[in-house]
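Please read it alongside the sequence and the coordinates.

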Amino acid sequence: MDYSIRRRTINNMTKKATEDQFNELHNLVTSEFLARVKSGECSTQDLKAACDWLSKNDISGVAYDGNPLDKLATLIPKVDPELVQTRLYGRKDF
């Protein structure tokens, strides 16, 4: 690679993305995650990446009766913190 091509490459790399470019990338990434999840063939890593993407973009959900988040929440076992403490550290003497 000659010097002039290398210099142009470096100059292009140091330019900040425009808001339109950022929005386009954001839409492409979001669309890709949606396509993978909807296909039913996404991996655990895909789901983790999609969850991270939602989190980093301040997207959260509210579980209300019957929605998918509510159904997921009912599958997760309830944890009793006192029982965990007892099993980890033994019985507390009061």
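Where is Asp-58 found? The first point takes this up.

1. Position of Asp-58. Asp-58 sits in the loop between helix H3 (44-56) and helix H4 (68-75). Helices here are DSSP runs (H or I, at least four residues; strands are E, at least two), numbered from the N terminus. Asp-58 is not a glycine, yet its phi is positive, at about 55°. Its relative accessibility is 70%, so Asp-58 counts as exposed. The classes are: buried, under 20% relative accessible area; exposed, over 50%; partly exposed, in between (1.4 Å probe, protein chains only).

2. Basis of the values. This is a predicted model, in which local features need pLDDT of at least 70 and side-chain atom pairs count only at pLDDT 80 or more, while totals for chains, interfaces and linings use all residues. Residues are numbered from 1 along each chain as its sequence is written, and side-chain values use heavy atoms, with hydrogens and water left out.

3. Salt bridges. How many salt bridges does the structure hold? The count is three. The criterion is a side-chain nitrogen of Lys or Arg within 4 Å of a carboxyl oxygen of Asp or Glu. In general, side chains of opposite charge can pair when their charged atoms come close.

4. Arg-36 with Glu-32. These two form a salt bridge, with the closest N and O atoms 2.8 Å apart. Both residues belong to helix H2 (residues 19-39). They are four residues apart, about one turn of the helix. Arg-36 has 34% relative accessibility and therefore counts as partly exposed. Glu-32 is also partly exposed, because its relative accessible area is 39%.

5. Arg-36 with Asp-46. The side chain of Arg-36 also meets that of Asp-46 in a salt bridge (2.8 Å, N to O). This pair links distant parts of the chain: Arg-36 is in helix H2, Asp-46 in helix H3, and they are 10 residues apart.

6. Lys-48 with Asp-52. Here the closest N and O atoms of the salt bridge are 2.9 Å apart. Lys-48 and Asp-52 both lie in helix H3, four residues apart, which is about one turn of the helix. Asp-52 counts as partly exposed, at 30% relative accessibility. As for shared partners, salt bridges join Glu-32, Arg-36 and Asp-46 into one network.

7. Surroundings of Asp-46. Is Asp-46 buried or exposed? Its relative accessible area is 16%, so Asp-46 is buried. Its side chain reaches the backbone nitrogen of Ser-43 at 3.0 Å. Not counting residues up to four places away in sequence, Asp-46 touches Phe-33 and Arg-36. Contact means heavy atoms within 4.5 Å.

8. Aromatic pair. The structure holds one. Phe-33 and Trp-53 form it, 6.3 Å centre to centre, with 50° between the planes, and the pair is tilted. Rings of Phe, Tyr and Trp (its six-membered ring) pair if their centres lie within 6.5 Å; planes under 30 degrees apart count as stacked, over 60 as edge-to-face, and the rest as tilted. Phe-33 lies in helix H2 and Trp-53 in helix H3, so the pair ties together parts that are 20 residues apart in sequence. Phe-33 counts as buried, at 17% relative accessibility. Trp-53 counts as partly exposed, at 24%.

Note on methods
Polar contact = N/O pair within 3.5 Å; in protein donor to acceptor, adjacent residues only side chain to side chain.
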